[in-house]
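Subject: Structure for your review

Hello,

I am passing on the structure we spoke about. Please look through it; my notes follow below.

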Amino acid sequence: MNEVARRPGGRFVPLAIFAALVVFFVIGLVWNQTHDARFVPSPLIDKPAPAFRLPRLENPTQFVTKADMLGKPYLINVFASWCFACGDEHPVLMAYRDKFGIPLIGYDYKDAPQDARAWLQRHGDPYHEVITDQSGDTAINFGVYGAPETYLIDAKGIIRYKHIGPLTPEVIAKDLEPKIHALAQEGT
Amino acid sequence: MKRLLALALLAFALTLSVNAFAIDPLPFQNTAQRDRFQHLTRELRCMVCQDESLLASNADFAKQLRRQIFDMMQQGKSDREIKDWLVARYSTFILYDPPLAPATLALWFGTPAIALAGVIVVIVLLRRRTRPASTIAEEPGDDW
């Protein structure tokens, strides 16, 4: 009497193990397709935005601080003239700047001011205000690690939402606009 | 002989890659501080180029964070304080050595659990196999 005859179905054990492995591989593949490892959730959501004091692009002798911005919600969009994906995002910002209903602040990240000015002149300026962070030190406090990034900050200076990568009409409709509406509902 | 040579070359190449870290002219006070810096930044992930450490990466982001970490060391901050400072901004993702937390339980214990399950399966199969020893010995071969 051999082993297979002794335990009917025993020869299917390897097949079952193989099938289980296939299931794991498929789960891994699907996970990789739907999750971008570059986009790491920020630990700063629902925490106060870091204090900042940054010069305006148009007039570097004037500074914008976090305290200046308190009292109304606003968006900060981190961009740079050297940032390729920012060029993809730019037309979307142009189309939506007046639809957000709150100010859109450009955050020029590690960029030469003249390059940023030339870039905005060439493509158009979607921002209500542009502040510059040439060293990128303040950006570290925001947890910036790649442009473009977009932050929604409420009237109390709390970061309510962050999007890493270019804003798209889909992202705006699905994530950003509901958050902005929710802020309006709160009355903050 | 050829194989030995190839092995030696491979080992040499590996040591090279271990030592290949981006060089910044950071004015360390002594070698102990430099070693501490290298040890710390080797455990931290460059967020831009995610498979590189802050020590090894040549990305602008890594350079800047190395500078910040260096400055914090000069201010007498401990490794723990520096790591907490980074985690507050970039989440625990920046640590190559993930902390033990509910979200990382599967990461810490998943592999040992699967390995343990495998060992149990092997033991059970071997026991079943050795029991009827006389019949197994007569079999011409194993089918899997």
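In chain B, 44% of the contacts with a separation of 6 or more are between residues 24 or more positions apart. Please keep in mind that this is a predicted model. Chain B has 6 helices and 0 strands, so its pattern along the sequence reads α-α-α-α-α-α. Of its 144 residues, 14% are buried.

Helix α5 of chain B covers residues 105–130 and has 26 residues. From its first C-alpha to its last α5(B) reaches 37 Å, close to the 38 Å expected at 1.5 Å a residue. Is this helix covered or in the open? The number of buried residues among its 26 is 0, so α5(B) lies largely in the open. Ile123(B) is found in this helix. Burial requires 20 or more other C-beta atoms within 10 Å, and exposure means 12 or fewer; Ile123(B) has 10, so it is exposed. Its C-alpha is separated by 40 Å from that of Arg45(B), which is 78 residues away along the chain.

Asp84(B) lies in helix α4 of chain B, residues 79–90. Asp84(B) is also exposed, because 11 other C-beta atoms lie within 10 Å. Asp84(B) and Leu116(B) are 32 residues apart in sequence, and their C-alpha atoms are 34 Å apart in space.

Now to chain A. The domain assignment gives domain 1 as 3–34 and domain 2 as 53–186. The C-alpha centres of these two domains lie 49 Å apart.

Strand β3 of chain A, residues 74–79, is mostly covered, with 6 of its 6 residues buried. In a regular strand the side chains alternate between the two faces of the sheet. For β3(A) both faces are covered: one side carries Tyr74(A), Ile76(A) and Val78(A), the other Leu75(A), Asn77(A) and Phe79(A), and all of these are buried.

Which strands pair with β3(A)? One is β6(A), residues 149–153, which pairs with β3(A) in the antiparallel sense over 5 bridges. Within that pairing, Leu152(A) is the bridge partner of Leu75(A). Another is β4(A), residues 104–109, which runs parallel to β3(A) and is joined to it by 5 bridges. Here Asn77(A) has Gly106(A) as its bridge partner. Together with helix α4 of chain A, residues 84–96, β3(A) and β4(A) make a right-handed β-α-β unit.

β4(A) also pairs with β5(A), in the parallel sense and over 5 bridges. The chain crosses from β4(A) to β5(A) through helix α5 of chain A, residues 113–123, and this β-α-β crossover is right-handed. Tyr107(A) has Ile131(A) as its bridge partner in β5(A). Strand β5(A), residues 129–133, is mostly covered, with 4 of its 5 residues buried.

The largest nonpolar core has 50 residues. Ile76(A), Val78(A), Phe79(A) and Tyr109(A) are those with the most contacts inside it. In soluble globular proteins, nonpolar side chains tend to be buried together. Leaving aside neighbours within four places in sequence, Tyr109(A) is in contact with residues including Val78(A), Phe79(A) and Ala80(A). Its other contacts include Asp133(A), Gly136(A), Ala139(A), Val144(A) and Ala147(A).

Regards

Conventions: Residues are numbered from 1 along each chain as its sequence is written. Chains are lettered from A and ligands numbered from 1 in the order in which they are written. This is a predicted model: local features need pLDDT of at least 70, side-chain atom pairs count only at pLDDT 80 or more; totals for chains, interfaces and linings use all residues. A nonpolar core is a set of buried Ala, Val, Leu, Ile, Met, Phe, Trp, Tyr and Cys residues joined through C-beta atoms within 7 Å. Two residues are in contact if their C-beta atoms, placed from the backbone, lie within 7 Å. Domain bounds come from an automatic or database domain assignment. Helices (H or I, at least four residues) and strands (E, at least two) are DSSP runs, numbered from the N terminus. The expected span of a helix is 1.5 Å times one less than its number of residues. Two strands pair if DSSP finds at least two bridges between them. A crossover is right-handed if, with the strands pointing away from the viewer, the path from the first strand over the helix to the second runs clockwise.
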